Amino acid sequence: MYDQIKSPSQSSSQHNPPSQILLSPLVPMSSDTQNPPNPNEEEEEEQQPDAANNNDNNNAGSISKKAAKKEAAKQQKLHSKAAAAAASLSSATSPDAPDPLAAHYGDVPLEELQSKAVTGRQWTEVGSLTEELRDRTVLVRGRVQTVRAVSKKMAFLIVREKGLTVQCVLSVCPDVVSLGLVKFATGLSRESYVDVEGTVSVPDSPIIGASQQVEIQVRKVYCISKAVPSLPINIEDAARSEVEIDKALLAGEQLVRVNQDTRLNFRVLDLRTRSNQGIFRIQCQVENVSY
């Protein structure tokens, strides 16, 4: 009985033997443990890159807006210049703005072409235009062979009569030659029949595109009979000889060749070439000598 009664110390030792009691080792506390992270600081750190990105986006947006405004101002300036140029051109050529020199050019009505009265005007033949007529006012009538517009204020006409040609110069001059006159002259179609009045001048360099070595400083142009805008053959093409065409082919240049059937179909135009004019002149002179 005595053996069965145990002391409290014995009983406790049986339940918790000393060998089984484990002591947990001392774990050193880390800095994180000592100073736990502040959630507000983490949010601020996360917001800092977002703020930097926002600043970059704002800067890029401001730059793009400035570039867009600059481009818009540039385009508006160009549009205003174009509008001003168009307005000036329309005002210069507008029918609402009357030309004080409108009587110096235009189409001659059919009624005025009829011989109702003696006008006293004298026409000068193109072949008679020489240096002796310098600074004299002449009136010539012929066909427009070529029209060459240099600008809105300057143009050249080549007028042909009896196979001979003369160069006519149109240049805008206040109270003498208007923009309307230059525009009317450049709108003439080839082979139109015109009256040209102007002053004879002698250029410093030789004239290559005309037979006469003088120019006419045009003051008035009147269209007697207007030709169709597109002719079946050009007089320049019909006037080329076979030798000229062959030389051009050897040089690698392609020229228009007017065949015989085309010449016969449009004989009225083919007879205006200088070669055909010369043939009929010689034939006429031979007949005059024979009789």
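Colleague: What should I know before I start?
Modeller: The model is predicted: local features need pLDDT of at least 70, and side-chain atom pairs count only at pLDDT 80 or more, while totals for chains, interfaces and linings use all residues. Residues are numbered from 1 along each chain as its sequence is written, and side-chain values use heavy atoms, with hydrogens and water left out.

Colleague: How many salt bridges are there?
Modeller: The count is nine. A salt bridge here is a side-chain nitrogen of Lys or Arg within 4 Å of a carboxyl oxygen of Asp or Glu.

Colleague: Which residue pairs with D195?
Modeller: R141 does, with the closest N and O atoms 2.6 Å apart. D195 sits in strand β5 and R141 in strand β2, 54 residues apart. Strands (E, at least two residues) and helices (H or I, at least four) are DSSP runs, numbered from the N terminus.

Colleague: Is D195 buried or exposed?
Modeller: D195 is buried, at 3% relative accessible area. R141 is partly exposed, at 25%. Buried means under 20%, exposed over 50%, partly exposed in between (1.4 Å probe, protein chains only).

Colleague: What about E191?
Modeller: E191 forms a salt bridge with R160, closest N and O atoms 2.8 Å apart. E191 lies in the loop between α5 and β5 and R160 in strand β3, so the pair ties together parts 31 residues apart in sequence. Both residues are buried.

Colleague: Which residues are linked in a network with them?
Modeller: R160, E191 and R272 are linked in a network of salt bridges.

Colleague: New topic. Where is E242?
Modeller: E242 is in helix α7. Its salt bridge partner is R257, with the closest N and O atoms 2.3 Å apart.
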